[in-house]
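Hello,

Here is the structure you are taking over. My notes follow below it.

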Amino acid sequence: MNILVATAEVTPFAKVGGLADMAGALPKAWAEDGHNVVVILPLYGTIDTEKFGIVKTDMLVDVPFGTWTEYAEVWHGTLPGTTIPVYFLRSSDYYDRPGIYGYHEGFEDNDRRFIFLSRAIFEVARALDFRPDVVHAHDYHTAPCMPMLKVHYHNDEFFRHTAGVFTIHNMAYQGMYDPQRAMEFCGFPASEFYTGSWYEQDGIFNAMKAGILFADKITTVSPTYAQEIRWTPEGMGLQGALQSRGADLIGVLNGIDAGTWSPLHDEHIAVPYDASSLKKKDINKKALLKEVGISASEMKRDLPVVGMVTRLTEQKGVSILAACIESFVANDRFRLVILGSGEAKYEDLLKNLAYRYPDHVRVGTGYNEPLSHMIQAGSDFYLMPSKFEPCGLTQMFALAYGTVPIVRSVGGLADTVQDYDPITFTGTGIRFHRYTGEALQQALETALRLYKREPHWSHMRRNAMAQDNSIVTTARRYVEVFGWAQEARR
Ligand code: ADP
C-alpha cells in the first residue's frame, strides 16, 4: 500500500508530544511490512538539517492557495536508521522561525501555515509521482487534507484511488480559524460556510470538524477515548459530528517503538536490564537521583521514587497532584522526580515545591530526551493523574521499563493499565477514578503499601513488562482501517 503521512510533528525532527512519536514510529512498522511510505513535514527553523542529513532537492512545488499559487522548496531526509523518505517543506514565510506552533496562543498565522501544509502534501506527492492509496492526516493541523481530498482532488486522475483517514490525537486542539481566511486559503467557496455546514462550529471555521466529516474513516488513539469523545464532554463540543460518523470512528490503541523504548537497548540509561534482571533497576535509580542532584548521603535512605515526564497543562493533572503532594514529601514518604515544560503557573508551582523540599522533589524543565529515559528506568512508580488522556505513551514506556504506573482511569490509561489484584496476582498498576486530590492521595497510599512488598512487587513489575504494547500491532490495525477506507471511498 502507498501511504502518504501528513503531519506537523515527527520524532526526532520536531516533537511536542505523542503525535510526533506515532508519526515517527508507524512509518517504520509499515515499511517493515512492505508498504511504501512517504512522510511530509514542514522544515521548521529549529530542525537541525546538518545533524539529520536533510538536503535541498531541486523540486519547487506550486501550491494552489486561495485564488493564487504559492511555492515551497522541497528538502529531503530519511527517518533515522531507515530509508523511509521524509520530505520537508521549506517556506521562509511560514516555517523558517523558531518553534513549531509558537508559545501559548500560538503564531497568529497558524491557520495559514497549516492549511498551506495540508494543500502542499498533494502537490508534493504529484511531483514525486507517488500515488497514495491513503492520505493519513493527523490532528487539526492537517485535518484540512480531508475536505481538500474530496473537493479538489476527487476527480483528479492522479488521486483516483486515494482514500482519506484522519487520526485524532487530542480533541482539545481543534484548529478554530477565522472563516473568511480559512475558506479562502483552503480554496473553498465562501458560500459553503454557513451555520451547520461541515466547516462550521459555533460560528467559526473548525478544521477538526471538517476532518471528521470529510474523512473516509476516522481513528482515535484508544478504544476508550473513541467512546468518550462521542458520549461525554471529552468530545469538546464535537460530539454531534462524531456521533454522526460513529460507524466510521475506530479506536486504534497507540503502541511504542521497542527500538527506542526498551530497557535492554536504551543508550540513555545507566545499565540495561530486563524482567529477569530487575535488580539492576536499583543502579538506574541511583543514577537518576545523582543526575537530578540528590546528595550521596541522602541517597542512602531508600525511599520510593515517583517519576513523571509530561507537558505541564491542566490535562495532565498537575492541579490534583498539587492538592495532595505536600503531605507526602513533608513526611518523607517518597521522592518525586518530574520532567516537564508548559504553562508557567505549573512550572512555578513545582519549582516552589522543589525549593522547599529539595531532598524530596526534583523538577527538570525544558525538553530533555535522555532524562526522560532515565526517569522511566530509575523510578519505582510512574504517575499520570490526567484529567483526560486520549492514549498516553509514557505509561506504556513505564510498563516496558517495569516502572509501576499510577494512573487515573480515563481514555487510553484505562485501556493500558489494569489494577493490580493481590489475590490473583494479576494487573499492572494502580488506578483511581475521581479527578480529585483525595482520590490521587488514596492511590498513592495504595502504591506505597505495595512498594517492595513481596510477592506483589515482583508480580506487578513482571506483569507490566510482559504486556505487549508494540507499535507493530498498532501499525497492522491501521492498515486494516486503510483498507476499509478504500472500500468506503465515496
Ligand atoms: P501528549 O502527547 O499528550 O503530550 P504522550 O504521553 O502521548 O502525551 O506523549 C508525550 C511524549 O513526549 C512522550 O514521548 C514523552 O516522553 C515526551 N515528553 C513530554 N515532555 C517531555 C520533556 N520535557 N522532555 C522530553 N520528553 C518529553
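In which sense do strand 1 and strand 6 pair, and over how many bridges? Strand 1 (residues 2-6) and strand 6 pair in the parallel sense over four bridges. Two strands count as paired if DSSP finds at least two bridges between them. Helices (H or I, at least four residues) and strands (E, at least two) are DSSP runs, numbered from the N terminus.

Some ground rules. This is a predicted model: local features need pLDDT of at least 70, side-chain atom pairs count only at pLDDT 80 or more, and totals for chains, interfaces and linings use all residues. Residues are numbered from 1 along each chain as its sequence is written, and side-chain values use heavy atoms, with hydrogens and water left out.

**Strand 6**

Strand 6 also pairs with strand 7 (residues 163-168), in the parallel sense over five bridges. On the strand 7 side, His138 has Thr167. Five of the five residues of strand 6 (residues 134-138) are buried, so this strand is largely enclosed by the rest of the structure. Buried means under 20% relative accessible area, exposed over 50%, and partly exposed in between (1.4 Å probe, protein chains only). In a regular strand the side chains alternate between the two faces of the sheet. Here Val134, His136 and His138 point one way, and Val135 and Ala137 the other. All of them are buried.

**His373**

His373 sits in helix 14 (residues 369-378). His373 is buried, with a relative accessible area of 2%. Its side chain makes a polar contact of 2.7 Å with that of Asp266. Another polar contact, of 3.2 Å, joins the side chains of His373 and Glu369. A polar contact is a pair of N or O atoms within 3.5 Å; within protein, one must be able to donate a hydrogen and the other to accept it, and residues adjacent in sequence count only if both atoms are side-chain atoms. Leaving aside neighbours within four places in sequence, His373 is in contact (heavy atoms within 4.5 Å) with Thr260, Trp261, Asp266, His268, Ile269 and Tyr401.

**Second largest pocket**

The second largest pocket holds about 670 Å³ of space. Helix 1, helix 14 and helix 19 (471-488) each give two or more residues to the lining. Helix 1 has the largest share, seven residues.

A pocket is found on a 1 Å grid over the protein atoms alone: an open set of points where a 1.4 Å probe fits, with protein on both sides within 12 Å along at least five of seven lines. Lining residues have an atom within 4 Å of a point. Grid points are joined across faces, edges and corners, and the volume is the space filled by probe spheres set on the points.

**Backbone points to check**

- Thr11 and Pro12 are joined by a cis peptide bond, with omega about 5 degrees. Pro12 is in the loop between strand 1 and helix 1 (18-32).
- Glu454 and Pro455 are also joined by a cis peptide bond, omega about 5 degrees. Pro455 is in the loop between helix 17 (437-450) and helix 18 (456-466).
- Lys452 lies in the loop between helix 17 and helix 18. Lys452 has a positive phi of about 55 degrees, although not a glycine. Lys452 is partly exposed, at 41% relative accessible area.

Best wishes
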